[in-house]
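Here's a quick briefing to read alongside the model. Have the viewer open and follow along topic by topic.

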Amino acid sequence: LDRNYDFGPGTDADFGTRLYLSGYRILHNPKATRIHFKAKSGGLRTHGAIKYNTDANLLAPFPPITRSYYSFRYLTPFQRRELSILSFMLSNFPRNTRKNSDKKISLVIKSIVTAPKFILLPLKIAKSESAARALIMNGPKLHDFNKNKRQSMIIETIKKS
């Protein structure tokens, strides 16, 4: 897995995309079940990234830097912009706010609160993309399994001699 995702979301999407682009088939089982334990500690929570799909801070980079990193690696500029805007809207207007007609007042209030964040969205996207470009420049941090295999073979050769 690409260690550039250690502090944000997207490891699974990157891994799946790399498998697909390498010619592997990915089987989706519609009957599969998932148990999510919602651990109170560990994982992304350790790095303060528990709310990676939200736009909680007025001046924080958005989308998460690792999402921008993924989009630079695999998406067109148009797709990147579309993903950023859709992510922003979905993070600020949760599904229950959008669908529940009894919460129209809540939707109006949420819209008023979200307006400053929307105005700052280009700055937030620029911050996210700038940090993602730095990750791109350094390249993926992938474990080199062949390197370990070569090292093991060298060690075995030394032991035999």
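Ser87 is buried, with a relative accessible area of 10%; that puts the residue below the 20% cut-off for counting as buried. Ser87 sits in helix H3 and, leaving out residues up to four places away in sequence, touches Phe62 and Arg67. Keep in mind that this is a predicted model.

**The chain overall**

- Among contacts with a separation of 6 or more, 72% come from residues 24 or more positions apart.

**Phe62 and its surroundings**

- Four aromatic pairs turn up in the structure, and one of them is formed by Phe62 and Phe88.
- Their ring centres are 6.1 Å apart and the planes make an angle of 75°, so this pair is edge-to-face; the cut-off for that label is over 60 degrees.
- The pair ties together distant parts of the chain: Phe62 belongs to the loop between helix H1 (11-21) and helix H2 (65-74), while Phe88 belongs to helix H3 (residues 77-92), 26 residues apart.
- Phe62 and Phe88 are both buried.
- Together with Phe118, Phe62 and Phe88 make up one aromatic cluster.
- Phe62 also takes part in a cis peptide bond, the one joining Phe62 to Pro63, with omega at about 0°.
- In general, most peptide bonds are trans.
- Pro63 lies in the loop between H1 and H2.

**Tyrosines on H2**

- Tyr70 and Tyr74 have ring centres 4.8 Å apart with planes at 50°, so that pair is tilted.
- Tyr70 and Tyr74 are four residues apart in helix H2, which means about one helical turn separates them.
- As a general point, an α-helix has 3.6 residues a turn, so residues three or four places apart point the same way.
- Tyr70 is buried, at a relative accessible area of 18%.

**What H2 hides, and what covers it**

- Thr66, Ser68, Tyr69, Tyr70, Ser71 and Phe72 are the buried residues in H2.
- The cover over the buried residues of H2 includes H1, H3 and helix H6 (121-138).

**H1 against H2**

- H1 and H2 pack at about 15°, and their axes are 11 Å apart.
- With that angle under the 35-degree cut-off, H1 and H2 are therefore roughly parallel to each other.
- H1 and H2 make a left-handed crossing.
- On the H1 side, the contact is made by Ala13, Asp14, Thr17, Arg18 and Leu21; on the H2 side, by Tyr70, Arg73 and Tyr74.
- By class, the residues of the H1 contact with H2 come out as four nonpolar, one polar and three charged.

**H2 against H6**

- H2 and H6 pack at an angle of about 60°, with axes 8 Å apart.
- H2 and H6 are therefore oblique to each other, and H2 passes H6 in a right-handed crossing.
- H2 brings Ile65, Ser68, Tyr69, Phe72 and Arg73 to this contact, where they meet Ser128, Glu129, Ala131, Ala132, Arg133, Leu135 and Ile136 of H6.
- The contact of H2 with H6 has seven nonpolar, two polar and three charged residues.

**The segment before H1**

- Where is Leu1 placed? Leu1 is in the segment before H1.
- Leu1 is exposed, with a relative accessible area of 57%.
- Skipping neighbours within four places in sequence, Leu1 contacts Thr11, Phe15, Arg18, Lys141 and Leu142.
- Buried or exposed, which is Phe7? Phe7 is exposed, with a relative accessible area of 57%.
- Phe7 and Ile65 are 58 residues apart along the chain, and their C-alpha atoms are separated by 8.9 Å.

Methods
Residues numbered from 1 in each chain as written. Predicted model: local features only at pLDDT ≥ 70, side-chain atom pairs only at ≥ 80, totals over all residues. Heavy atoms only, no water. Phe/Tyr/Trp six-rings, centres within 6.5 Å; stacked < 30°, edge-to-face > 60°. Helix = DSSP H or I, 4+ residues; strand = E, 2+ residues; numbered from the N terminus. Buried < 20%, exposed > 50% of the residue type's maximum accessible area, 1.4 Å probe, protein only. Axes fitted to C-alpha atoms, helices over the stretch in contact; angles between N-to-C directions. Parallel < 35°, antiparallel > 145°, perpendicular 65-115°, else oblique. Left-handed = near helix turned anticlockwise from the far one by under 90°. Contact = heavy atoms within 4.5 Å. Nonpolar A, V, L, I, M, F, W, Y, C, P; charged D, E, K, R; others polar.
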